[in-house]
Amino acid sequence: MAGSGRRGPGLAARQAAAWEVSESEPENEPEPCGPGAAPAAAGSPPAAGPAGRPRRRRAPGEAAAGRRERERRKEQQALEKRRRREAAAAWRLLRPERCLRLMEVCADPGLLKDPGSDAWVKVLSSLDCKCSFEPQAIPCSITWRRNMPSTLSTPDGPMVKTEEEKEVLVLVEPEDFLKRLFSLTQSFVNALSASQPDLNQVLPLAGLEGSSTKTYSLAVVGLDAYRRCNQEQRRQRALSPGKQSPSSQPGPELAMTQEEILEALVVLQLWGNIEVLFLDTWQEFGQHVSALTKAIAKRPYKRQLESQELPFCTAGAWASGVRVEKDGTGLWQVWKRQIQQFNRVSPATAAAIAEAYPSPSLLLQAYEECSTEDEKRLLLSDIPVKSDVSGKDRRVGPDLSRRIYLFMVSTDPDLVLDLST
């Protein structure tokens, strides 16, 4: 007890001293940071942070500058995203399966005067494009327009940008064509050897605006039939000379030989870059217009592919390959694309073979079941192939059947499969 009494006063004194020190040095309480916080006194030191570090005071306008920079970055990212979205939408419109819908074939009403014009109009109407009849700068000609919808939306709907294509196809009657060729031959025969022939005799382009930027071609339907008919008429007139009249005498253009016609065509090609196409029927004329329309429609897509760094490596599913799952999903697509690696094999042909024999092992089993070598070579030749363009069924054919057979069974690494190479 005595010892405890002696320790009591000293402990009390020490506690009192500690209390006095704690009252003389008050604790630093965190300053309020809300909107109602009182401003710090001028000249006071900066408040300490959670770890005892002093807080950095922001310069006037620094917070607003930071907000503006973040807003600018957001706007730039949104603009870049919008540009990529518009470029992707424009690229989808130019793909081969959709580009034909953007085309418009503009034909001169004079093309409808011939009784056989219904045949080529019927062929043209089967295309997935717009066809209009309006007067052209050159009579009986056909031009093309591309109607590109803008990716930017407007209150009135999407804007359409119309682009004139450079191709111009002019239909010329056989009689008129021979007269023009004869005038052309006379012009460069009578002119000096160093002078340029007058191509306006064949295609008058002197007063046309923008003719230098166009590519012209001529189409003549039924020239051979017309020449044979006139030869028969001359033969009949030679048998009955008394019945001839001055108006029935043939013109000098009918006396042109095949060599003279070919020479005039060479002049048109070299001096005017004018190509002449000879067709027998209006059906062939329609098929030519249809093929030319498809080629013009696909031109921007092909130009875009050629501008890429590796044009032969296209982006998409073909370049990235086929994903094969653990359950075997995708193996059929891999087999089909392996068949498509052969030269001159379309996707439709490869799909037809893969549907008949869904795997290489099944095809090898079919070869083993064949009794003769010829039967093995022709195993795939009669498989029908559905064409997406013409709609007519065709066959795989003996050549491709032979190449696939040799590839599957041959052990010669130097064997050439394609005989046409």
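Reader: How many helices and how many strands does the protein have? After that, please take strand β1 closely: which of its residues point one way and which the other, and which strands does it pair with?

Author: The protein has 14 helices and eight strands. Helices (H or I, at least four residues) and strands (E, at least two) are DSSP runs, numbered from the N terminus. The model is predicted, so local features need pLDDT of at least 70 and side-chain atom pairs count only at pLDDT 80 or more, while totals for chains, interfaces and linings use all residues. Residues are numbered from 1 along each chain as its sequence is written, and side-chain values use heavy atoms, with hydrogens and water left out.

Confidence comes before the details. pLDDT is the predictor's confidence in each residue, from 0 to 100. Its mean over the protein is 78, and 74% of the residues reach 70 or more. Where pLDDT is low, the predicted coordinates should not be read in detail.

As for the chain in general, buried residues make up 29% of the 421 residues. Buried means under 20% relative accessible area, exposed over 50%, and partly exposed in between (1.4 Å probe, protein chains only). Of the contacts with a separation of 6 or more, 65% are between residues 24 or more positions apart.

Now the strand itself. β1 covers residues 103-107, and five of its five residues are buried. M103, V105 and A107 point one way, whereas E104 and C106 point the other way. Both groups are buried.

The sheet around β1 is open and has six strands, in the order β2-β1-β3-β4-β5-β6, with mixed pairing. Its edge strands are β2 (130-133) and β6 (275-279), each of which pairs on one side only. From one strand to the next, the twist averages 25°. Two strands are taken to pair if DSSP finds at least two bridges between them. Strands of a sheet pair through backbone hydrogen bonds, either parallel or antiparallel.

β1 has a partner of each kind. With β3 the run is antiparallel, and five bridges join the two strands; V105 has W144 as its bridge partner in β3. With β2 the pairing is parallel, over four bridges; here A107 has F133 as its bridge partner.

V221 has L279 as its bridge partner in β6.

Helix α4 (residues 117-125) lies across β1, β2 and β3 (141-149), and runs at about 145° to β2. That angle is taken between N-to-C directions, on a scale from 0 to 180 degrees, with axes as lines fitted to C-alpha atoms, for helices over the stretch in contact.

To sum up, β1 is mostly covered, sits between β2 and β3 in the sheet order, and has helix α4 lying across it.

Technical notes: Contact = heavy atoms within 4.5 Å.
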